[in-house]
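The questions below are meant to be read with the sequence and the 3D structure side by side.

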Amino acid sequence: MKNLRYFVFMKLVPVPTLADSICDLRTRKIKKQFFTQINTLLDWQAISGIIDLHYKKGRSATGKPSYDGLLLFKMCLLQTWYGLSDYEVEDRVNDSISFSYFCGLTIEQVAPDHSTLSRFRTAMTKSGAYEILFKTINTQLEFHNIIVKTGAIVDASVIDTPLKPKGKTNHKVTEDRKDEQEVAVTKDYADSVDKEASWLKKGGKYRYGYKKHHVTDDEGLVLGVLTTKASTNEVANLEEVLDTADLPENIPLKADKGYKSEKNDKLLKQRKLKNHILKKAKKNKPLTQWEKKFNKLVGATRFKVERTFGGIKRWFNGGTARYKGIEKMHTQNLMEAMCYNLYRSPGIIASNFKK
């Protein structure tokens, strides 16, 4: 019965043609196995229903029917998993049998072009559909005991954008977790600059871009995502971050000592969350032995949110802005969170079976 629980959903798999059946898939074994696991794990019908509500399929300029939204969303998943551009994912779906199978295409069918994928992403971003898809997929992972909300971790990471001002520019620079301060200027931003991003001084270096704020479970799987400009002080907006995740009461909330404040202590008490923010020494008041031991115990789990940021950067070439504007950057952050959770899911299932 436990095995059956993971395989209750209908799979939307294309019917193979003769051309498909004679192709040798042995060199694509690893990718094919992973794609089969994802197709087995997810209820694509539920996901397709959400996409259809937000992406209205019409006809192209030539009168041909538009591509199905689920196909385009699967291409977005592939794009994120493999760090591909719109052009590159179009080519890979056309060239790779494992990619085309995952998208539901037979070998004779041609993938949507890059402009179609771009228009799909823009339409879904404007409608807020990616947030709904993220939560829907997480609900399915929670059903399979992949996501388990016995605890939560909060942290933030800076995303640099290449669309930054060149040379001396009119800007404000914020010291990380400190008040905003003015910096001398000589000229205004050029049109090519992403004006919705901002400067941040972190670790003695100036960075320009955004921040992604994550709420994860104790294994680092992402429960909530908030996107802000880089200068946003994450210590002051903990409430907004927690609003992105549906956390049950009476579970521990872990965060580094930078989040420690009377305001945040009261916030966790109001939300009936156990306060596991690292203790912070004060002037003339060093940490007690108990507080040091507490920090060590919390740190044994809290580091996993940093592993999540590192995994996204290492596996998906994340950590750099692909798009311009905070709305599209939020889409990028949500897609990376979805892909990270799905990427780790088969391994978590295998681990659960061993227990």
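## Questions on a predicted model

In this predicted model, K279 lies over the face of F294, at 5.0 Å from the ring centre.

Q: Which residue lies over the face of Y82, and at what distance from the ring centre?
A: A charge counts as sitting over a ring if NZ of Lys or CZ of Arg is within 6 Å of the ring centre and within 35 degrees of the ring normal. Y82 also belongs to a cluster linked by ring pairs, whose members include W81, F99 and F102. The residue over the face of Y82 is R92, at 5.6 Å from the ring centre.

Q: How many helices and how many strands are there in the chain, and what share of its residues count as buried?
A: The chain holds 12 helices and eight strands. Among contacts between residues at least 6 apart in sequence, 68% join residues at least 24 apart. Of the 355 residues of the chain, the share that counts as buried is 49%.

Q: Which kind of aromatic pair do Y55 and F120 form, stacked or edge-to-face?
A: A search of the whole structure finds 16 aromatic pairs, and for the pair of Y55 and F120 the centres are 4.9 Å apart, with 85° between the planes. Planes over 60 degrees apart count as edge-to-face, so the pair of Y55 and F120 is edge-to-face.

Q: Why does the pair of Y55 and F120 tie together parts that are apart in sequence, and how many residues separate them?
A: Y55 counts as buried at 11% relative accessibility, and F120 is buried too, with a relative accessible area of 0%. Y55 lies in the loop between α3 (44-54) and α4 (69-81), whereas F120 lies in helix α7, so the pair ties together parts whose separation in sequence is 65 residues.

Q: Is R119 buried or exposed?
A: R119 lies in helix α7, which covers residues 114-127. The C-alpha atoms of R119 and Y55 are 10.0 Å apart in space, although the two residues are 64 apart in sequence. The relative accessibility of R119 is 53%, and therefore R119 counts as exposed.

Q: Where do the buried residues of helix α5 lie around the axis, and what arc do they cover?
A: The buried residues of helix α5 (residues 86-95) are D86, V89, E90 and V93. They lie on the same side of α5, because the arc that they cover around the axis is only 105°.

Q: Which exposed residues does the face of α5 turned away from its buried side carry?
A: The buried residues of α5 pack against α4, α6 (97-103) and α7. On the face turned away from that buried side, the exposed residues are Y87 and D95.

Q: Which residue caps the N-terminal end of α3?
A: The buried residues of α3 are W44, I47, S48, I50 and I51. They cover an arc of only 160° around the axis, which puts them on the same side of α3. At the N-terminal end of α3, a side-chain oxygen lies 3.2 Å from the backbone nitrogen of Q45, and the capping residue that supplies this oxygen is D43.

Q: Which residue is joined to T331 by a polar contact between side chains?
A: T331 lies in helix α12 (residues 326-354) and is buried, with a relative accessible area of 4%. Leaving aside neighbours within four places in sequence, T331 is in contact with R121, T125 and Y130. The polar contact between side chains, at 2.8 Å, joins T331 to T125.

Q: The backbone oxygen of which residue lies 2.6 Å from a polar atom of the side chain of T244?
A: T244 lies in the loop between α9 (238-242) and β7 (252-255), and T244 is buried, with a relative accessible area of 11%. Not counting residues up to four places away in sequence, T244 touches K135, V215, L223, G224, V225 and L226. The backbone oxygen at 2.6 Å from the side chain of T244 belongs to V241.

Q: What is the phi of N284, a residue that is not a glycine?
A: Most residues other than glycine have a negative phi. N284 is placed in the loop between β8 (274-277) and α11 (289-316), where N284 is exposed, with a relative accessible area of 75%. The phi of N284 is positive, at about 65°.

How values were computed. Residues are numbered from 1 along each chain as its sequence is written. This is a predicted model: local features need pLDDT of at least 70, side-chain atom pairs count only at pLDDT 80 or more; totals for chains, interfaces and linings use all residues. Side-chain values use heavy atoms; hydrogens and water are left out. Helices (H or I, at least four residues) and strands (E, at least two) are DSSP runs, numbered from the N terminus. Buried means under 20% relative accessible area, exposed over 50%, partly exposed in between (1.4 Å probe, protein chains only). A polar contact is a pair of N or O atoms within 3.5 Å; within protein, one must be able to donate a hydrogen and the other to accept it, and residues adjacent in sequence count only if both atoms are side-chain atoms. Contact means heavy atoms within 4.5 Å. Rings of Phe, Tyr and Trp (its six-membered ring) pair if their centres lie within 6.5 Å; planes under 30 degrees apart count as stacked, over 60 as edge-to-face and the rest as tilted. The arc is that of the directions from the helix axis to the C-beta atoms.
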